[in-house]
Amino acid sequence: SLYQKGYWYSSLDCSLKIETVNQETNRLHIAMNCSIDPGEQVIFGKLITQGYSKLPFKHILKNCNLIEGSPWDQKKIDSARSHLHNLEIFDHIKLTPHQLTTPRGYKHVIANILDDDLYEARIKAGFFASNDKPFLQGSHTLKLAGTYRVKNPLNKADMLSISAQADSTEQ
């Protein structure tokens with residue numbers, strides 16, 4: 001659509017023309033002519049960050065990959081949001097155009113981001129019994145797993161992850 005390609009302020013102009021073709025049968029010929037003016041194309045302005053993040057601006061800019069002066073493309077906004085989300089260091093990510101109602105072709109992008117918790121611990125436990133005998137009388141397996149993660153320890157959108165798993169099978 002025009003909107004997705006950066007034409008936010010397009011307009012549609014239609015005219016209707018009615019002519020009598022045959023007066024004896026009162027047949028009319030109706031023609032509608034429409035034209036679309038795409039208007040000025042919106043282009044990406046500067047990236048402006050809001051919120052709280054320890055990640056330096058240059059790393060946020062690199063992962064967004066929004067080039068100032070290029071035509072606005074909603075797919076690029078979605079891709080930038082996805083790249084920032086895949087870093088797994090942000091709790092909140094929102095990318096919006098600045099001054100949306102101002103009919104100008106140059107729109108700055110506001111990146112509202114919030115760092116996630118620096119440390120994360122996950123623990124999983126599982127139990128599996130493999131036959132029809134009463135509980136704990138047949139073959140069974142107990143599994144325990146855990147992961148400890150430190151998000152962005154070197155301040156370069158990195159992650160330190162330590163995982164361990166233990167299992168015990170009894171016949």
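Is E68 buried, partly exposed or exposed, and at what relative accessibility? At 41% relative accessibility, E68 counts as partly exposed, where buried means under 20% relative accessible area, exposed over 50% and partly exposed in between, with a 1.4 Å probe and protein chains only. The model is predicted, so that local features need pLDDT of at least 70 and side-chain atom pairs count only at pLDDT 80 or more, while totals for chains, interfaces and linings use all residues. Residues are numbered from 1 along each chain as its sequence is written, and side-chain values use heavy atoms, with hydrogens and water left out.

**View 1. The salt bridge of K46 with E68.** The closest N and O atoms of K46 and E68 are 3.8 Å apart, a salt bridge being a side-chain nitrogen of Lys or Arg within 4 Å of a carboxyl oxygen of Asp or Glu. The pair links distant parts of the chain, with K46 in strand β3 (residues 43-52) and E68 in the loop between α1 and α2, 22 residues apart; helices (H or I, at least four residues) and strands (E, at least two) are DSSP runs, numbered from the N terminus. K46 is partly exposed, with a relative accessible area of 47%.

**View 2. The packing of helices α1 and α2.** Helix α1 (residues 57-64) and helix α2 (residues 74-86) pack with their axes 8 Å apart and at an angle of about 125 degrees, axes being lines fitted to C-alpha atoms, for helices over the stretch in contact, and angles running from 0 to 180 degrees between N-to-C directions. This makes α1 oblique to α2, since angles under 35 degrees count as roughly parallel, over 145 as roughly antiparallel, 65 to 115 as roughly perpendicular and the rest as oblique. I60, N63 and C64 of α1 make the contact with A80, H83 and L84 of α2, contact meaning heavy atoms within 4.5 Å.

View 3. R149 lies in strand β7 (residues 140-151) and is buried, with a relative accessible area of 11%. R149 forms a salt bridge with E88, the closest N and O atoms being 3.0 Å apart; E88 is partly exposed, at 37%. A network of salt bridges links E88, D116, E120, R122, R149 and K151.

**View 4. The buried residue K107.** K107, in strand β5 (residues 106-115), is buried yet has no salt bridge, and the nearest side chain of opposite charge, E40, is 9.0 Å away (Lys and Arg count as positive and Asp and Glu as negative, with His and the chain ends not counted).
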